[in-house]
Amino acid sequence: MTHFSRWTAALVLLVAAGAPHAWAAPAGTVTQDSAARTVTMADAQGALRIRLNYADHCFLDRVEVDGRETVAPDTGVASGILAGGQWSTTRSGVAAPKVRVTGSVVDVDGIAFGAGGVAVREEWRFTVHADGIDWRILRKYPSGAQIEDMMLPGWDFAGMDTWTGGVLDTGGVAWGHLLGEYSTYGAHASAVTFWKPGQRDALRITTAPAGDLHVAARFTRQPSGIFSYVQSAAPQEIVPKHGLRRYLGSGADLWAPIAVQPAPVQVDMKIEALDYAQTYGRGVLPGIDEAAVSQLLNTIGRYGVIDRGIVSGNGWVTGFVCLHEPFYGALAATVADPNYTAGLAKSLDSWRDHALQPDGRLKTRWVYENGMDNMVPGSYDSQSGYYDCGWGALVDSQPDYPINVSETFDLNGDLKWLRSHKESCERALNWMLARDLDHNGLMTMMTDSHTDRKSSDWIDIVFACGKNALVNVEMYHALTLWAEREEILGDKAQAARYRAAASRLQKAFVRPVSQGGFWDQGKGCFVYWLEKDGSAHGDNLVTPVNFCAIAYGVCNADQRKTILDNIDSRMQREGLFHWPLCFTPFAPEECMGMQPFPSYENGDIFLSWGELGVRAYADYKPAIAVHYVRAILDRYKKDGLAFQRYLRNSQDGAGEDILAGNSNTIAGLYRDIYGIRPQWNRLMLDPHLTPDLAGARLHYDLRGQRYALQLDARKTTVTVDGAAVQSPGAFALRADRGQLTYYAGPADRPALRITRPPSQPIRLDIAAWPTNGDGPRRWTVTAPGKGAPLRHVVSGLAPKKVYALSIDSKAATMVTANTRGEITFGGKAGSSAYALRSISSTRG
């Protein structure tokens, strides 16, 4: 007998005797215990370990992540159906399947179960890899039938404390904190990453249905305390059973019954153990609690994603979407997840296709079911979910739609997508511009007097009417942003029209009340609205109005100083952790109830406007902005910000309509303090750091590129794809294959382009570069090695003007800018210092 044959015979005897045996799979381990009828599989590092138990059942009874057991041992991970009101699963009562192990592959055949007259046959295959384990389920229904629910598969985690929740590939989150006893949240998610604070481990499950199958997921807090994650797959879209609900306060029957066919259904899953900090960490943030930032953005920050393509500033418990909010783009830029951005773009597509009316007016809200809000009778569309709010015509949706489209375009850079919104954004803006009834540049609401008892914006039970400052300042911002998008799309005529309208609006806005504007010099603030009779209302320092006037660049420097110093003084006197909606009361006849002051929108603290508050202070007194960022992080660590508002007197959380907008102050940290400003064709940096924040090291993902950011007191360094740029002040960069582009300041005008071999590392250090005028330019380029020659193009120069170009302090060469205001010259590998200055007037 040969040595090989003797080894084979011994192995056969071991198997026959039921002794455990293991195979060192190419990328992990597979261990079968035939006597116990188990197979244990692990990835190469042992970070993920699962055990298949097939003794009178067939399910995973162990799922260890970084050595921590996560599933309930009696129910684990199994397959099943609900039919005829009865569940049948592979957890019990199934004949022993056939299990075959071949190297890194485990095949399980002959799995059979059924309920309510519906039979199911399944085959499973596990394949172990270095970085995880693949699991394929092939399900067959012998005949067509209807089932009420399914598990394909269903994961029972040991308890609600096993995970904080799961980040979904919709961009949203299944947050366990918001799941009450036997409540359920679901979405059309195909991937989830479970995590828990204080634990290094995270568990990612990615599902890829074969063919044209549709998938859905639900997350249920069982009466027993088990946390269930249940996947479904079907040839047709899986739809909600109760209106458009993705959340049930009691029960798990979230999805409508599913018609199944005899055709095979195949689902492929990849199961991975991840390091949470490496996957979701934000970097090194001196002076800021980085762990709290990461947790906040993965919980309340993502909670507004109700489902794929349904993004809100509220969230999935109550299921409201307010189209009259300008915050969506800023939060998406902070979450910085391409799934979130794609979902927001799809959500805006839905606004265009279903909420926008033929005349250009938008319906203002979306919700799960008819009757869940004060609705205009007959306005609710049960198919799309949109309706008009009965509190009043909330026309801030008109500017907020193009604002959110503009800022989402800055994230996805998709010109085709932007063009698909061109006509609809124009209709929305034009509808509002037509409300400039007296042609003074300010738009008028649908009601003229507070005695009509109708609201007109986000502050929906205050009777703002006539000329509404909040709607008008948002309109200014929308016109400014959309004019830039019109120019990008090549429509200069429309761009000019919208810029002219914005200019008229701005000039009218800042005038004193006595001249038809909103400025009240005596109160030191912009008033909220002007009625048809000329009376001014809302002089009680309404923070959204005044923050927007500053943040959107409408007011002058003196007005800004007066407003912000006034607010800061009041905040210090009261010791509030965040800005209230207004500082003194509305008159009783100006609002619906809300007495005594402070109460609800009459003086309580709403966090949704936090980013605009941070933006207002960031380049005036950034220390004040940073103070309120830290206060929000401290409050998050206490209560998760899982409220609608905070009561002014006690500063305790209140309100069941939890707002994802409570995370917007952290959007201000990213956008306005760290100065991370994605643009459609570049990444812009404009930091406003306090000394204790200097030295921050962040990573930031944008359009498939990961940027490493180093924020120091006087300069910022950005590295991406082998290119690094260091510069003072505001600047932007774009790193394409073979070309590095530097932008001085915020303008979309390249200042310097350097062409290099695609694999050539390069570093650009800017010592001086004017953002206005024609001052001297000084920079250093370092390109290690012996690569091909570099090519420099300096732009933004005066056409036909003569400049002196010096390289490495050598004698200057006279060069003349071409008719496009450009100078082109070569460079070499190594390190060279360049200086360029103008020396004469233009040449003919």
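Predicted model: local features only at pLDDT ≥ 70, side-chain atom pairs only at ≥ 80, totals over all residues.
A contact here means heavy atoms within 4.5 Å of each other. Leaving aside residues up to four places away in sequence, Asp289 touches Leu633 and Lys637. Asp289 itself sits in the loop between β25 (283-284) and α3 (290-298). Its relative accessibility is 30%, so Asp289 counts as partly exposed. Leu581, by comparison, is 292 residues from Asp289 in sequence, and the C-alpha atoms of the two are 26 Å apart in space.

Zooming out, the protein chain carries 15 helices and 53 strands. Its C-alpha trace covers about 100 × 75 × 50 Å along the principal axes. For 844 residues, a compact globule would come out with a radius of gyration near 28 Å, and the 30 Å found for the protein chain agrees with that. Contacts tell a story about sequence distance: among those with a separation of 6 or more, 61% link residues 24 or more positions apart.

Of the 844 residues, 60% count as buried. The protein chain exposes about 31200 Å², with carbon and sulfur atoms supplying 51% of that area. As for charge, there are 85 positive and 88 negative ones, and their mean positions lie 8 Å apart.

In soluble globular proteins, nonpolar side chains tend to be buried together. Here, the largest nonpolar core takes in 265 residues, and the members touching the most others are Phe126, Phe219, Trp316, Phe509, Tyr674 and Trp779. Helix α9 (residues 469-488) puts in the largest share of this core, at 11 residues.

Leu152 and Pro153 are joined by a cis peptide bond, with omega at about -5°, and Pro153 falls in strand β14 (residues 149-157). Another cis peptide bond links Gln595 to Pro596, again with omega of about -5°. Pro596 is in a loop, the one running between α12 (557-574) and α13 (610-618).

Positive phi values turn up too. Asp56 is not a glycine, yet its phi is about 60°. Asp56 belongs to the loop between β4 (48-53) and β5 (59-65), and a relative accessibility of 54% means that Asp56 counts as exposed. Arg703, also a residue other than glycine, has a positive phi near 50°. Arg703 lies in the loop between β40 (696-702) and β41 (705-711), and with a relative accessible area of 34% Arg703 is partly exposed.

Definitions and conventions: Residues numbered from 1 in each chain as written. Heavy atoms only, no water. Helix = DSSP H or I, 4+ residues; strand = E, 2+ residues; numbered from the N terminus. Rg over C-alpha atoms; globule rule 2.2 N^0.38 Å. Buried < 20%, exposed > 50% of the residue type's maximum accessible area, 1.4 Å probe, protein only. Areas by Shrake-Rupley, 256 points an atom, 1.4 Å probe, with all protein chains shown as cover. Lys, Arg positive; Asp, Glu negative; His and termini not counted. Charge placed at Lys NZ, Arg CZ, Asp CG, Glu CD. Core = buried A, V, L, I, M, F, W, Y, C linked by side-chain atoms within 4.5 Å.
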